[in-house]
Amino acid sequence: MITGHSTPEGTAEFAKNHPNVAKNHFKQFNGLTLSSIGIGTYLGNPDDATDVLVKDAVIKSTTLGINVIDTAINYRSQKAERSVGKAIVQLIEKNKAKRDQLFISTKNGYITNDGDVKEEFWQNIQNTLVKSNIIKSGDISSGYHCMTIPYLQDQLNRSLKNLELECVDLMYLHNAAEGQLQDITKDEFMKKLGDVFEFYENQRKIGTIRYYGMATWDCFRVPQEHPQYLSLFDIVKLARDIGGAENGFKFIQLPYNMYLDQAMTMKNQTQDGTTSSIFEAAIKLGIGVFTSVPLMQAKLLGPNVLPEFGELTRASHRAIQFVRSTPGVIAPLVGQKSPSHVDENLELAKTPVLNEKEFSDLVNRLSSS
């Protein structure tokens, strides 16, 4: 098992070792120096050929100046985590990166099988989780989600083994509102969420995770009357009530791109009579934001889909540049497996991130066109 975790010194050293990227490609958050583009590992078949592609893509991305690596235990039925783990081991063994230079996040909460075990999905769940009393009757929501502490403990243990790490930098509770609020009330959900935060705080003390957060789809970018809506102010207060001022709730993840733009445009977060967007609320609360689907799973890459701006001729570059330049966003997480896509997407790292005025001018120009 690989020891350690990301550190301010290590991530700063990583940035120093990659002088070929733009000066502001790396962003500062909570003392860490993090790349403004991250690699995501969501898509792909749960097979050995995809394992190799993902492993090689993580290695290549890291050598090109990416130190943000995102995965989840349910991605490709645990095989995404294992591919990331193999990549990290190889990077360290070949002295291409150090553990303290890399920021590695994963997620738990969804029910998942094991892609390396040749069993039908529910048979695998029965054999690994039900028979051992990790999951009991009524624990699984209709959204195939479970946030009981025994289940999350089991999933954390499996994630660490898959990743070959003693400590993961960021553990997200995965789509909890989306998976749970169709079955329970908001009050019941917040009580369960408090139990999860207490579990995560205990794991921070043990040293298996550094930070925790919530990876979401709808809850932070829907109107307040929506049944799955959550207030980030309420979530942060809950974390502070449980973990104190130095609690580990420091990050959220949500979908965002030039067309799926509610996180920037919707004013749905209210405190003291002031309403703001989720990005604005995150900045105010000191919460880091990573975003998913910057390319809308390649749907934004077709001809004449994205407007042109700047000197960026590739649609993928315009899509990623818009997201990585949005105030409040640390990095979009880009799913990329083929060497050509890694090279193409990460060529953008040499282009400076837009400053706030440049981004505001771009938004105004795009809105009026």
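Mentor: Axes are lines fitted to C-alpha atoms, for helices over the stretch in contact, and angles run from 0 to 180 degrees between N-to-C directions. Helices are DSSP runs of H or I with at least four residues, strands are E runs of at least two, and both are numbered from the N terminus. The model is predicted, with local features requiring pLDDT of at least 70 and side-chain atom pairs pLDDT 80 or more, while totals for chains, interfaces and linings use all residues. Residues are numbered from 1 along each chain as its sequence is written, and side-chain values use heavy atoms, without hydrogens and water.

Trainee: Why is α2 called oblique to α3?

Mentor: α2 and α3 (residues 79-93) pack at about 45°, with their axes 8 Å apart. Angles under 35 degrees count as roughly parallel, over 145 as roughly antiparallel, 65 to 115 as roughly perpendicular and the rest as oblique. The pair is therefore oblique.

Trainee: Which residues of α2 and α3 make the contact?

Mentor: Contact means heavy atoms within 4.5 Å. Among the residues that make it are Val 54, Val 58 and Ile 59 of α2, and Val 84, Ala 87 and Leu 91 of α3. The contact of α2 with α3 divides into six nonpolar, four polar and five charged residues. Here Ala, Val, Leu, Ile, Met, Phe, Trp, Tyr, Cys and Pro count as nonpolar, Asp, Glu, Lys and Arg as charged, and the others, Gly among them, as polar.

Trainee: What makes α2 and α12 roughly parallel?

Mentor: Helix α2 (residues 48-63) and helix α12 (residues 339-346) pack at an angle of about 30°, with their axes 10 Å apart. The two helices are therefore roughly parallel to each other. Ala 57, Lys 60 and Ser 61 of α2 meet Pro 339, Val 342, Asp 343 and Leu 346 of α12. By class, that contact has four nonpolar, one polar and two charged residues.

Trainee: What is the volume of the largest pocket, and how many residues line it?

Mentor: Its volume is about 770 Å³, and 33 residues line the largest pocket, with Tyr 42, Leu 43, Val 293, Gln 297 and Gly 335 nearest its centre. A pocket is an open set of points on a 1 Å grid over the protein atoms alone, where a 1.4 Å probe fits, with protein on both sides within 12 Å along at least five of seven lines; lining residues have an atom within 4 Å of a point. Volume is the space filled by probe spheres set on the points, which are joined across faces, edges and corners. The lining of the largest pocket comprises 14 nonpolar, 15 polar and four charged residues. Both β12 (329-335) and α12 supply at least two residues of that lining.
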